[in-house]
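Subject: Structure handover

Hello,

Here is the structure for your work. Please look through it before reading the notes below.

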Amino acid sequence: MSVPEPEYVIETVELSKRYGRKLALDRLDLRIPRGRIHAIVGANGAGKSTLFRILLGFLPQTAGEARILGHDSQRLTPRDRARIGFVNEEHTLPGWMRVSAVKDMHRRQYPRWSEAAFEGVLGHYHVLPEQKVGQLSRGERAGFNLALALAQGPELLVLDEPTLGLDVVAKRAFLESLMYSNAADECTVIYCSHQMEEIERVADNLIILERGQLKNMSAPEDFCARVSHWIADIPFKGPPPATVPGLLEMQRLDGLHHYLVLDQDEDFADFLRANGARSVQSMQVSLDRAVNSFLAKNHAAPVQQTA
Ligand SMILES: Nc1ncnc2c1ncn2[C@@H]1O[C@H](COP(=O)(O)OP(=O)(O)OP(=O)(O)O)[C@@H](O)[C@H]1O
């Protein structure tokens, strides 16, 4: 009798990680369903790398549970690990080895190895089998890593800032090789990045972490719809910022007040009019603007120190 697949590829329950006085993960409850591309975003220090290190079994948690592909992340066997592909920004591979030798090593290591998947990704790059890994450009190394990870036939592919430090052309090549690989049809992809234009292109689900807590889990367009941009012609100073509901960002440009707010409806126009606005206009914002204003707002708030 076959064992049913777990519904979630990643499941954390009240997961906490403390480094001395620093709480990096704060009773995090996160459930990532099987399939599709899930983006994890967060400001610097939000706890993304800590979460990955725990999930991949490189770091123990302080409290709570962390399961990956249905297994306790601290008790992963080599067989479990073979089901998880991982690419991070460091693209750590032995620089002295030739591309062909690294590939052979991986092919022997992974029983589900797919030559077609490997070639499908590496075909986007001018990488020769006789080249040493250390001679590859950053972009080529990123592509080589992705090719190796996908050829391993993973059920879960974790990409942790895979395009960090790449130029625009190399970023685009990486993204295209990922999209053309149809990775999301074969496995669940977790994409961690600060690059919102990449997230916009690839992600089906947007997960926002802030100070080790889950702040959003929805389709990117649904998050975008939560943030609105209002322009008001207010002849005086306008309402004090502390009284503006859902305020993320405020600016005065060419005599007009601009407000970026979260979870506000038409009542917000009434609020502005009640505060002296002669005209009010509302607009949608891009995902980049919505996420960055949300992160900046929370980031700017004072940290509550724990003893
Ligand atoms: N080994 C460590 N010792 C002490 N504090 C740490 C350690 N590693 C991480 N931290 C702290 O834990 C918090 C979370 O760090 P983490 O690297 O997980 O964040 P991140 O979201 O990956 O950030 P970034 O986007 O900058 O990579 C940070 O405040 C960081 O200073």
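Predicted model: local features only at pLDDT ≥ 70, side-chain atom pairs only at ≥ 80, totals over all residues.

Residues are numbered from 1 along each chain as its sequence is written.

Chain

The secondary structure comes to eleven helices and 14 strands; helices (H or I, at least four residues) and strands (E, at least two) are DSSP runs, numbered from the N terminus. Taken along the principal axes, the box filled by the C-alpha atoms is roughly 70 × 45 × 40 Å. Of the 307 residues in the chain, 38% are buried. A residue is buried if 20 or more other C-beta atoms lie within 10 Å of its own, exposed if 12 or fewer, and partly exposed in between, with C-beta atoms placed from the backbone. Among contacts between residues at least 6 apart in sequence, 71% join residues at least 24 apart; two residues are in contact if their C-beta atoms, placed from the backbone, lie within 7 Å.

Ligand shell

The ligand is surrounded by Tyr-19, Lys-22, Ala-24, Gly-42, Asn-44, Gly-45, Ala-46, Gly-47, Lys-48, Ser-49 and Thr-50 (a residue is near a molecule or strand if its C-beta atom, placed from the backbone, lies within 6 Å of it). Strand S2 (22-33) and helix H1 (48-55) each supply at least two residues of this shell, and the largest share, three residues, comes from H1. By class, the shell has three nonpolar, six polar and two charged residues. Here Ala, Val, Leu, Ile, Met, Phe, Trp, Tyr, Cys and Pro count as nonpolar, Asp, Glu, Lys and Arg as charged, and the others, Gly among them, as polar.

Helix contacts

Helix H4 (residues 115-122) and H5 pack with their axes 8 Å apart, at an angle of about 160°. Axes are lines fitted to C-alpha atoms, for helices over the stretch in contact, and angles run from 0 to 180 degrees between N-to-C directions. H4 and H5 are therefore roughly antiparallel (angles under 35 degrees count as roughly parallel, over 145 as roughly antiparallel, 65 to 115 as roughly perpendicular and the rest as oblique). On the H4 side the contact is made by Ala-117, Phe-118, Val-121 and Leu-122, and on the H5 side by Gly-143, Phe-144, Leu-146, Ala-147, Leu-150 and Ala-151. These residues divide into nine nonpolar, one polar and no charged.

The axes of H5 (residues 138-151) and H6 (residues 168-180) come within 9 Å and cross at roughly 15°, so H5 and H6 are roughly parallel. H5 contributes Arg-138, Gly-139, Ala-142, Gly-143 and Leu-146 to the contact, and H6 contributes Ala-170, Ala-173, Phe-174, Ser-177 and Leu-178. The classes are six nonpolar, three polar and one charged.

Loop residues

Leu-69 has phi near 50°, a positive value in a residue other than glycine. Leu-69 sits in the loop between strand S4 (63-68) and strand S5 (71-72) and counts as buried, with 22 C-beta neighbours inside 10 Å.

Asp-254 also has a positive phi, near 50°, and is not a glycine. The place of Asp-254 is the loop between strand S12 (247-253) and strand S13 (256-262). Asp-254 is exposed, because 6 other C-beta atoms lie within 10 Å.

Regards
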